[in-house]
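Here is a briefing to read alongside the sequence and the model.

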Amino acid sequence: MKHVRLIGLATALGLMHLTASAQSNGYPSKPIRVVVPFTAGSTTDVIARAITDKLSASMGQQFIVDNRGGAGGTIGAGAVAQAAPDGYTILIHSSSHSVSPSTYSKLPYDTINDFAAITPIATLPNALVISPSKNIRTLKELLDQAKAKPGSLNYASAGQGSATHLNAEKFKMQAKIDAMHVPYKGSPEAITDVMAGRVDYYFSPIAPVLSHIKDGKLLALAVGSPKRSSALPDVPTTSEAGVPNSEFNFWIGMMVPAKTPREVVNKLNAEVQKALASQDVKERFTKLGAEAWTLAPEQFDRYIKEDIAVNAKLVKEAGITPQ
């Protein structure tokens, strides 16, 4: 009887495995909701739509982008953390995800334990943009004005605790200047006010400002990345322009709720890698000033943990008070 029970248990476990595999092999069998925790037209939104268009075609299901902007991306991330871990709710977030644990005193989720990483999708340099009406043509001129009148300049961000905020804080700290932070709901609103001259400058991801720079509505003084952008090859990095150690890695990546089946995680990772290797996505990313970047799920998990620690140190050094 004991032998029979063991055989029965083994059979049941085998059936469970086969059922899970069948479910995974049939994934996706319905539309997938993609939560972007920033406003429509933001960099994260633009990159999300570029990749999900390709995923929809290759996986045979509609990917529906759901913009849940506000609170530095934490509202949308919270919605995904509470969603069923079945692969039908995906989060496409930016490096703000690894900043929020240090800039918010209480989050509605655990940044590390409530999500399973799929893969990064892209890195984009942040461009320090300013309105031509300010009559500032170089980064040196901006710094000279900031130092001549401490506290007279202000800068925009896509929200308190966002990656654009932290990039500006790191720059301010390394440049040893004093400027006032003006947070917005997202990049589109920040860009509008910078173009109008209501705010002095903004470390914007390149994608939403590239056309404005080419049209002469905005001037790029520098890029806040370790190397120059292929989309703006003549624009120096902030380090090259006189502010060393001021670079910031702005990334966009894909995550799902924790406990999502590993087969689904691996399938999404493989599909994103395939999409990024396609010629049309490469061309689309080039126009956006984005560079494709992928990692295995476990590698991306480790990267996020390391990035949280790096940003926590930066927030502390910059004296940012958590909300």
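Contact here means heavy atoms within 4.5 Å. The model is predicted. Its open sheet has six strands, in the order 2-1-3-10-4-11, with mixed pairing.

**A buried threonine in a loop**

- T238 sits in the loop between strand 9 (219–223) and strand 10 (251–257).
- T238 counts as buried because its relative accessibility is 1%, and buried means under 20%.
- Leaving out residues up to four places away in sequence, T238 touches L139, F171, F203, A222, V223, G224, V243, S246 and E247.
- One of these neighbours, S246, also makes a polar contact with T238, side chain to side chain, at 2.6 Å.

**The sheet and its edges**

- The strand order is 2-1-3-10-4-11. Strand 2 (63–67) and strand 11 (291–292) are the edge strands; each has a single partner strand, so one side of each lacks a neighbour in the sheet.
- Strand 11 runs antiparallel to strand 4 (residues 115–123), and two bridges join them.
- D66 lies in strand 2. D66 is buried, at a relative accessible area of 19%, where the cut-off is under 20%.
- D66 touches R33, V34, V35 and V36, not counting residues up to four places away in sequence.

**Strand 10 and its partners**

- Seven of the seven residues of strand 10 are buried, so the strand is largely enclosed by the rest of the structure.
- Strand 10 pairs with strand 3 (89–94) in the antiparallel sense, over four bridges.
- Within strand 10, M255 stands opposite L91.
- Strand 10 also pairs with strand 4, antiparallel and over seven bridges.
- The bridge partner of P120 in strand 10 is G253.

**I90 in strand 3**

- I90 belongs to strand 3. With 0% relative accessibility, I90 counts as buried.
- I90 and I32 are 58 residues apart along the chain, yet their C-alpha atoms are separated by 7.4 Å.
- Beyond residues up to four places away in sequence, I90 touches Y27, I32, R33, V34, V35, F63, V80, M254, M255, V256 and L268.

**Helix 3 across the sheet**

- Helix 3 (residues 74–81) lies across strand 1 (32–36), strand 3, strand 4 and strand 10.
- The helix runs at about 150 degrees to strand 3.
- Seven of the eight residues of helix 3 are buried, so the helix is largely enclosed by the rest of the structure.
- Those buried residues are T74, G76, A77, G78, A79, V80 and A81.
- They pack against strand 1, strand 3, helix 4 (100–103), strand 4 and strand 10.

- Helix 9 (residues 262–277) lies across strand 3, strand 4, strand 10 and strand 11. Helix 9 runs at about 5 degrees to strand 4.
- The axes of helix 9 and helix 10 (residues 279–288) come within 5 Å and cross at roughly 70 degrees. That angle makes the two helices roughly perpendicular.
- From helix 9, A275, L276 and A277 meet Q279, V281, K282 and F285 of helix 10.
- The residues of this contact divide into five nonpolar, one polar and one charged.

**Helix 10 against helix 2**

- How do the axes of helix 2 (residues 43–59) and helix 10 cross? They come within 10 Å and cross at roughly 170 degrees. The two helices are therefore roughly antiparallel.
- On the helix 2 side the contact holds V46, I47, R49, A50, D53 and K54. On the helix 10 side it holds D280, V281, R284, F285 and L288.
- The residues of this contact divide into six nonpolar, no polar and five charged.
- V281 and F285 of helix 10 meet helix 2, and V281 and F285 also meet helix 9.

Note on methods
Residues are numbered from 1 along each chain as its sequence is written. This is a predicted model: local features need pLDDT of at least 70, side-chain atom pairs count only at pLDDT 80 or more; totals for chains, interfaces and linings use all residues. Side-chain values use heavy atoms; hydrogens and water are left out. Buried means under 20% relative accessible area, exposed over 50%, partly exposed in between (1.4 Å probe, protein chains only). A polar contact is a pair of N or O atoms within 3.5 Å; within protein, one must be able to donate a hydrogen and the other to accept it, and residues adjacent in sequence count only if both atoms are side-chain atoms. Two strands pair if DSSP finds at least two bridges between them. Axes are lines fitted to C-alpha atoms, for helices over the stretch in contact, and angles run from 0 to 180 degrees between N-to-C directions. Angles under 35 degrees count as roughly parallel, over 145 as roughly antiparallel, 65 to 115 as roughly perpendicular and the rest as oblique. Ala, Val, Leu, Ile, Met, Phe, Trp, Tyr, Cys and Pro count as nonpolar, Asp, Glu, Lys and Arg as charged, and the others, Gly among them, as polar.
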